[in-house]
Amino acid sequence: MFAAKLSAYALAGALLASPLAIGASVQRRAVAYFDPTAGGGSMFADAGNGLGEPLNVIISGLSSPDVLTEDGLINYAQAIGFSTECFGIHLGNPFPANLGDGHGPVNQTVELRQDYGDEDGGTCLESLIGGNHFRVFFQNGPSANSGAAFLAVSKEEPVTDNHDIVPDGYDIGRDTLVQSAVGITSNDGVTYSTTAQNITGLLPTGTEGVNHDIAIDGIVTLLTVTIQ
Ligand SMILES: *[C@@H]1O[C@H](CO)[C@@H](O)[C@H](O)[C@H]1NC(C)=O
Ligand SMILES: *[C@@H]1O[C@H](CO)[C@@H](O)[C@H](O)[C@H]1NC(C)=O
């Protein structure tokens, strides 16, 4: 009787556990994103001076899974006019962000810069003359595993100005990136279809907490990227 009971439990356990186990190993939670503040995180990447860069673009967790990896995101970024940094030379400090997913503060996975039409050398040009750039953070911790990529996008001044952000540089950076992303793009044999939706209420409006004292309009653009 004990054995029968045990195996009944084992069976129930297996039935209960298997979808979860599959969920944990293969599939993230099927949501666009989780609000980081709900898990004790923030919609700002920490600039290390008590202020932050707004995470003003989210690549939805409902995008094709192959977009939501470091390599996949770099390929996508190249399709929309960005590239990895100037020959791997990093000209600024990494910033951490806490996406409220149970991982706590984590440094950016990668930073990409506008490539001015040349994937290898163009980002060096961006470093010199300024342009759009973004840091990437994945929301993939145990308590809020949407798989979404949170981007801190901003338009920078040239390197001579120490990579400061241009006036309105967060909103401008976001809108410029979104304009080049929406629609059909492709790179290295992969074709992407991207749609955009604006979200309010995740970020505040104004300058409070924002690095360089630059006002933001409080909009986060959610991109859903589907590989064709
Ligand atoms: C981020 O990177 C910097 C420089 O490599 C390091 O000092 C810091 O501890 C890292 N922060 C986190 C949260 O991992
Ligand atoms: C999102 O907001 C920006 C700034 O107001 C605007 O330019 C853009 O057209 C909006 N995009 C969508 C998809 O509503």
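1. Start with ligand 1: the residues around this ligand are Pro94, Pro105 and Asn107, where "around" means that a heavy atom of the residue lies within 4 Å of the molecule. An oxygen atom of ligand 1 sits 2.3 Å from an N or O atom in the side chain of Asn107; for a polar contact, two N or O atoms must be within 3.5 Å. On its own, ligand 1 exposes 360 Å², and the protein buries 33% of that (areas by the Shrake-Rupley method with a 1.4 Å probe).

2. A quick word on the ground rules: this is a predicted model, with local features needing pLDDT of at least 70 and side-chain atom pairs counted only at pLDDT 80 or more, while totals for chains, interfaces and linings use all residues. Residues are numbered from 1 along each chain as its sequence is written, chains are lettered from A and ligands numbered from 1 in the order written, and side-chain values use heavy atoms, leaving out hydrogens and water.

3. Now look for the open sheet of eight strands, which has mixed pairing and the order β4-β7-β8-β9-β3-β12-β11-β10. Strands here are DSSP runs of E with at least two residues, helices are runs of H or I with at least four, and both are numbered from the N terminus; two strands pair if DSSP finds at least two bridges between them. The edge strands are β4 (82–84) and β10, each pairing on one side only.

4. Follow β12 (residues 220–227) next. With β3 (residues 57–59) the pairing is parallel, over three bridges, and Ile59 has Leu223 as its bridge partner.

5. What is the phi of Asp188, in the loop between β10 (183–187) and β11? It is near 50°, a positive value in a residue other than glycine. Asp188 counts as exposed because its relative accessibility is 67% (exposed is over 50%, buried under 20%, partly exposed in between, with a 1.4 Å probe and protein chains only).

6. Asp213 is another one to check: this residue has a positive phi of about 60° although it is not a glycine. You'll find Asp213 in the loop between β11 and β12, and at 58% relative accessibility Asp213 counts as exposed. For background, most residues other than glycine have a negative phi.

Notes. Polar contact = N/O pair within 3.5 Å; in protein donor to acceptor, adjacent residues only side chain to side chain.
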